[in-house]
Amino acid sequence: MCFAAAFLALASFVAGPNVALAAAPQHHDQVPGFYRLKVGDLEVTALFDGTGAFDPHWLNGTKATMDGVVKALHEDSHMLDVADTGFLVNTGKQLILVDAGAGTWWGGGAFGRLAGSLRSAGYTPEEVDIVLITHLHSDHVGGLTTQDGKRVLPNADVYVAKAESDFWLSPEIAAKAPKDAQPFFQSAQAIAAPYIKAGKWHTFSGSEPIVDGMQLVPLPGHTPGHSGYEFSSKGQKILFWGDIVHALRVQLQHPEVTAIFDIDQTSAAAMRDQLLPKLAREDVLIAGPHMNFPALGRVRKEGGGYYWAPVVFTDRWDEK
């Protein structure tokens with residue numbers, strides 16, 4: 001009887017924890033939305049803003065190419081998945097944000113996580129010194145300003161190409177723009193307004209220095225003043241290329257395919273054609289805000305096109 005009782009007690013002890021483990025609730029949250037790496041002495045942090053899908057109707061290509069895209073999309077519904085990402089560069093002297101995400105200005109609630117990602121990465125919006133804007137589409141600048149006109153980054157000076165600022169902030173150009181384009185002008189003007197009022201909005205028109213170790217890279221086509229920013233440190237480089245590519249699995253294989261958001265379709269395709277072989281040849285690290293998070297990687301040549309070689313996760317971020 002003693003043996004039987006002991007056996008039952010042991011069985012109860014073993015079974016009890018298993019039952020408890022089986023009943024443990026699932027957790028639906030994910031890890032914080034940031035990823036760090038080093039570029040020379042620079043600390044670069046990708047800041048997740050949200051995910052979405054690129055509509056195939058937003059792409060322009062030959063009938064054969066677009067028929068292939070539609071077929072591939074049926075086979076893989078995630079083929080046109082995109083992200084929205086901003087990037088923080090800590091130089092040791094300044095905290096610089098390249099693009100600010102969508103905030104609540106684009107995406108119907110799918111985006112707007114960048115400020116939270118910034119905090120998760122150990123920084124606060126008040127600490128950001130400079131914002132470098134690739135262009136004034138709301139998915140790149142919406143995170144600057146709340147819907148009620150408050151600056152999210154109250155101490156930051158914002159820099160954007162003069163051609164870009166002059167275009168999107170012009171009431172005259174906006175008045176003549178197609179109806180479908182009107183929201184882009186309206187949001188750009190509302191987002192910029194509080195920074196202009198505070199004397200925090202700055203434009204550049206050449207290669208004037210803004211940040212030590214950073215070179216302006218004009219990339220017109222997508223928008224009139226679309227700009228890239230190349231940072232260098234200890235022989236290493238990273239290029240923040242804005243919207244050179246939206247749909248990576250289409251436009252890297254077919255660089256001639258453009259997006260309806262490209263103001264100058266011909267120039268956008270030509271710029272991509274010019275840039276991709278150079279980046280592949282020079283093995284430049286790229287920060288592409290619409291690539292899958294962490295949106296950092298390199299372009300590799302493959303046949304008649306290219307493919308994206310993403311940065312691989314490591315917890316030894318300071319050695320990469």
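This briefing describes the confidence, strand pairing, nonpolar cores, selected residues and cavities of the structure above. The model is a predicted one, with a mean pLDDT of 91 for the protein and 92% of its residues reaching 70 or more. Over residues 6-15, however, the pLDDT is below 50, and this stretch has zero contacts in the model beyond near neighbours in sequence. Where pLDDT is low, the predicted coordinates should not be read in detail.

**Strand pairing around E2**

- Strand E2, which spans residues 42-53, is mostly covered, with nine of its 12 residues buried.
- Strand E1 (residues 34-39) pairs with E2 in the antiparallel sense over six bridges, and within this pairing arginine 36 has threonine 45 of E2 as its bridge partner.
- The two strands E1 and E2 form a hairpin with two residues between them, and glycine 40 in the turn has a positive phi of about 60°.
- E2 is also joined to strand E4 (residues 81-90) by 10 bridges, again in the antiparallel sense; here glycine 50 has aspartate 84 of E4 as its bridge partner.

**Strand pairing around E14**

- Strand E13 (residues 285-287) and strand E14 (residues 296-302) run antiparallel and are joined by two bridges, with isoleucine 286 standing opposite glycine 297 in E14.
- Six bridges join E14 to strand E15 (residues 305-310), and these strands also run antiparallel; lysine 301 has tyrosine 306 of E15 as its bridge partner.
- E14 and E15 form a hairpin with two residues between them, in whose turn glycine 303 has a positive phi of about 60°.

**Nonpolar cores**

- The largest nonpolar core holds 47 residues, of which Leu132, Phe231, Ile238, Phe240, Trp241 and Leu296 touch the most other members.
- Helix H9 (residues 265-282) supplies the largest share of this core, namely five residues.
- A second, separate core consists of 44 residues, including Val131, Leu153, Val257 and Ala259.
- Not counting residues up to four places away in sequence, phenylalanine 231 touches a set of residues that includes Leu42, Val89, Ile96, Leu132, Val211, Met214, Ile238 and Phe240, and among its other contacts are Gln236 and Lys237.

**Two residues in their surroundings**

- Tryptophan 106 is found in the loop between strand E5 (95-98) and helix H3 (114-120), and it counts as partly exposed because its relative accessibility is 29%, which falls between the 20% limit for buried and the 50% limit for exposed.
- Leaving aside neighbours within four places in sequence, tryptophan 106 is in contact with Phe111, Ser138, Asp139, Phe184 and Phe261.
- The C-alpha atoms of tryptophan 106 and histidine 140 are separated by 9.3 Å, although these residues are 34 residues apart along the chain.
- Alanine 161 lies in strand E7 (residues 157-161), and its relative accessible area of 8% is under the 20% cut-off, so this residue is buried.
- Alanine 161 and glycine 33 are 128 residues apart in sequence, and their C-alpha atoms are 29 Å apart in space.

**Cavities**

- Rolling a probe the size of a water molecule over the atoms shows where empty space is left.
- A search of the whole structure finds two cavities of 30 Å³ or more, and the largest cavity has a volume of about 40 Å³.
- The lining of the largest cavity is made up of Leu219, Pro220, Gly221, His222, Asp243, Ile244, Asp262, Ala268, Met271 and Arg272.

Terms used:
Residues numbered from 1 in each chain as written. Predicted model: local features only at pLDDT ≥ 70, side-chain atom pairs only at ≥ 80, totals over all residues. Heavy atoms only, no water. Core = buried A, V, L, I, M, F, W, Y, C linked by side-chain atoms within 4.5 Å. Buried < 20%, exposed > 50% of the residue type's maximum accessible area, 1.4 Å probe, protein only. Helix = DSSP H or I, 4+ residues; strand = E, 2+ residues; numbered from the N terminus. Contact = heavy atoms within 4.5 Å. Pairing = 2+ DSSP bridges. pLDDT = per-residue confidence, 0-100. 1 Å grid on protein atoms, 1.4 Å probe; cavity = no way out; pocket = protein on both sides within 12 Å on 5 of 7 lines; lining within 4 Å. Points joined across faces, edges and corners; volume = space filled by probe spheres on them.
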